[in-house]
Amino acid sequence: MRRPRSSIALPIIAAALCASAQAAEHYGIGRPATPAEIAGWNIDIGRDGANLPPGSGNVERGRVVFSEQCAACHGAEGQGGVGDRLSGGQGTLATAKPVRTVGSFWPYAPTLFDYIRRAMPQNAPQSLSNEDVYAVSAYILNLNGLVPADTVLDAKRLAAIRMPNRDGFVADPRPDVKNR
């Protein structure tokens, strides 16, 4: 009598999974993350500004930090270079050659803080203080004409900025996706 292949394959798969679990235990591979490790990476900022940290920064300080940490890639005034262009482009999204920058494309200002803190500068991500990230955010928003030169940003002020393209994205109509 011949057994169906599925009745043979199931025990083989189960044995392989058990062997894998035993190997991990035997060799000491992996461990649960500690609460401190999780907290160190739990730094995401909501589009509404949720989880923005304490601190503040102004445009002038942002200009200094940007020139020291960002201009080599993004250009002296955010016009682009090795890194993406950060300023300009307003009014171009509906044209044949849209210019996607923080000022023309990004829908929420707090995501600028999140991205800078998490990923910049590229050679040393997460190395800027919260104050420097607020300052660089203020400078980039100023380059785009979205805040005046005397602006001091903190969590409340950053979350209150209404970006020009806030309503430029289409909600996902699929029934399994929550639209906010």
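**Close-up views of a predicted model**

**View 1. Asn-51 lies in the loop between α2 (35-41) and β1 (57-58).** Helices (H or I, at least four residues) and strands (E, at least two) are DSSP runs, numbered from the N terminus. The model is predicted: local features need pLDDT of at least 70, side-chain atom pairs count only at pLDDT 80 or more, and totals for chains, interfaces and linings use all residues. Residues are numbered from 1 along each chain as its sequence is written, and side-chain values use heavy atoms, with hydrogens and water left out. Although Asn-51 is not a glycine, its phi is positive, at about 80 degrees. Asn-51 counts as exposed because its relative accessibility is 55% (buried means under 20% relative accessible area, exposed over 50%, partly exposed in between; 1.4 Å probe, protein chains only).

**View 2. Pro-121 and Gln-126 are in the loop between α5 and α6.** α5 spans 110-119 and α6 spans 130-143. Met-120 is joined to Pro-121 by a cis peptide bond, with omega about -10 degrees. Gln-126, not a glycine, has a positive phi of about 65 degrees. With 33% relative accessibility, Gln-126 counts as partly exposed.

**View 3. The largest nonpolar core has 27 residues.** Such a core is a set of buried Ala, Val, Leu, Ile, Met, Phe, Trp, Tyr and Cys residues joined through side-chain atoms within 4.5 Å. Phe-66, Ile-116, Ile-140, Leu-141, Leu-158 and Ile-161 touch the most other members. At least two core residues come from each of α3 (59-69), α5 and α6, and α6 gives the largest share, seven residues.

**View 4. Phe-66 has contacts (heavy atoms within 4.5 Å) with residues including Leu-86, Val-136, Tyr-139 and Ile-140.** Residues up to four places away in sequence are not counted.
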